[in-house]
Amino acid sequence: NEASIPPPISPGDWLGMIGGGQLGRMYCHAAQSLGYKVAVLDPDPQSPAGAVADLHIRAAYDDQAGLKQLSERCKAITTEFENVPAQSLETLASASLVRPGAQAVAVVQDRIREKAFIKNIGVPVAPYAAIHTPQDIDAAAEGLFPGILKAARLGYDGKGQARVKTREEARQALESFGGVACVLEALLPLASELSVVMARGADGQAVFYPSARNEHRDGILAVSTVDARSPDQAIAVQAANAALAIAEGLEYVGVLCVEFFVLQDGRLIANEIAPRPHNSGHYTMNASVSSQFEQQVRVTAGLPLGGTASLCSVVMLNILGDVWFDDATGLKREPDWPAVLAVPGAKLHLYGKSEARRGRKMGHVNVLGATVADAVGAASRVAHALG
Ligand code: ADP
Ligand code: MG
């Protein structure tokens, strides 16, 4: 009820962030431009967010002294990292507002609970089975092959996943994961992938960004495209409604993203939930009234939600560590940033990571255009400049 909603936290005050990756860094930038100070909890002395935070608490995510320091400093705390121990969020919640809450994050960080939850809400998911033992693989339905075995916890960017054609391959994959709990899901015939980034406030109000169309390479997001002019297609409306049902079911307060598959027969399937801003929402930093990070600041602080309308069309290109390696020689080189920045409409974001490794997310470029065709054309010039 309204009476139990705490008053907003004003600019000038401190907000807390658990996790020091690029999402935390972009949160810091957004919070600081609204006049807040940010304390980041992350053990890594080189973390991208720690480098720009007003205070970097270098401690593990379950370090009691670090958590205490964070909650003494900050009235409200959020996270950029779904694998934060739910227990830590619980601990923080005794002294500070924690958005999203431990309950929601606990569901989302475990693929078995996540899939069961989404299915229970009435949103379709891929056919799957929870796998705890090799016997569960023997008992899995024939329809789950060919499939994908995904570790229930700690996977990202296609890591902790194996495509398996047969039960034998699934047993081998389970063993190679060290026998951890997994989900085995059917490999689906995808026509496309899309995602919905949304925010839901403590009062239950929700806002949605236009859904991005996503292209993945090797299990990692490569390109997201948003056409500012095309009216919401039926499938995007269906996805937004499904995301809202999920957010309400989780009593979610914060920014979240739901990834979807569109199957070749047109059906919409929910893939996974991220309890935080999402790579596919990075386009909002330049092409929307409020970025997803500003939105996360607003929700954390209990402010009114920001506008989500598109200002223009946009293609977001991820920059992976691979572009630091010369194709011909395999040797390291610096990408040609001036060539990227020479493309009209290109907005470059680099995360300040010290070491470029293949498959590592180092930054992204939002390429803006008045029409989606303009943005796509300019994006191909940026891709060329990146080599
Ligand atoms: P991550 O946590 O690494 O993002 P996802 O479950 O989202 O893991 O899988 C990464 C990508 O792999 C998806 O975006 C999609 O391209 C592909 N993928 C995952 N599950 C399936 C599936 N059941 N059928 C077909 N493709 C899939
Ligand atoms: Mg994913």
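**Reading the model**

Author: Let us begin with a pair of facing residues: Arg217 stands opposite Ile220 in β13. Helices (H or I, at least four residues) and strands (E, at least two) are DSSP runs, numbered from the N terminus. Two strands pair if DSSP finds at least two bridges between them. This is a predicted model, in which local features need pLDDT of at least 70 and side-chain atom pairs count only at pLDDT 80 or more, while totals for chains, interfaces and linings use all residues. Residues are numbered from 1 along each chain as its sequence is written, and chains are lettered from A and ligands numbered from 1 in the order in which they are written.

Reader: In which sense do β12 and β13 pair, and over how many bridges?

Author: The pairing of β12 and β13 is antiparallel, with five bridges. These strands form a hairpin that has two residues between them. Strand β13 is also joined to β16 (residues 313–320) by four bridges, again in antiparallel fashion. Val223 has Leu317 of β16 as its bridge partner.

Reader: Is Asp218 buried or exposed?

Author: A residue is buried if 20 or more other C-beta atoms lie within 10 Å of its own, exposed if 12 or fewer, and partly exposed in between, with C-beta atoms placed from the backbone. Asp218 has 11 other C-beta atoms within 10 Å and is therefore exposed. Glu251 also has a positive phi, near 50 degrees, and is found in the loop between α8 (234–249) and β14 (254–263). With 13 other C-beta atoms within 10 Å, Glu251 is partly exposed.

Reader: Where do cis peptide bonds occur?

Author: One joins Arg99 and Pro100, with omega about 0 degrees; Pro100 lies in the loop between β5 (97–98) and α4 (102–108). Another joins Phe145 and Pro146, with omega about -5 degrees. Pro146 belongs to the loop between α6 (134–139) and β7.

Reader: How should I read the order of strands in the sheet of five strands?

Author: The order names the strands as they lie side by side: this open sheet runs β3-β2-β1-β4-β5, with parallel pairing. At the edges stand β3 (55–57) and β5, each with a single partner strand, so one side of each has no neighbour in the sheet. Strand β2 (residues 37–41) is joined to β3 by three bridges, and Ala39 stands opposite Leu55 in β3. Helix α1 (residues 22–33) packs on the sheet, touching β1 (14–18) and β2, and its direction makes about 165 degrees with that of β2. Contact means that the C-beta atoms of two residues, placed from the backbone, lie within 7 Å. Axes are lines fitted to C-alpha atoms, for helices over the stretch in contact, and angles run from 0 to 180 degrees between N-to-C directions.

Reader: How many of the residues of α10 are buried?

Author: In α10, 10 of its 10 residues are buried. They pack against β1, α1, β4, β10, β14 and α9 (284–287). Gly302, which follows α10, has a positive phi near 75 degrees.

Reader: What is the strand order of the sheet of four strands?

Author: This open sheet has the order β6-β9-β7-β8, with antiparallel pairing. Its edge strands, β6 (128–131) and β8 (161–164), each pair on one side only. Four bridges connect β6 with β9 (residues 182–186), and Ile131 stands opposite Cys182 in β9.

Reader: Why does ligand 1 lie between domain 2 and domain 3?

Author: Both domain 2 (127–186) and domain 3 (190–386) give residues to the shell around ligand 1, so the ligand lies between them. The domain bounds come from an automatic or database domain assignment. Of the 17 residues around ligand 1, those that come nearest are Ala126, Glu185, Leu188, His216 and Gly219. A residue is near a molecule or strand if its C-beta atom, placed from the backbone, lies within 6 Å of it.
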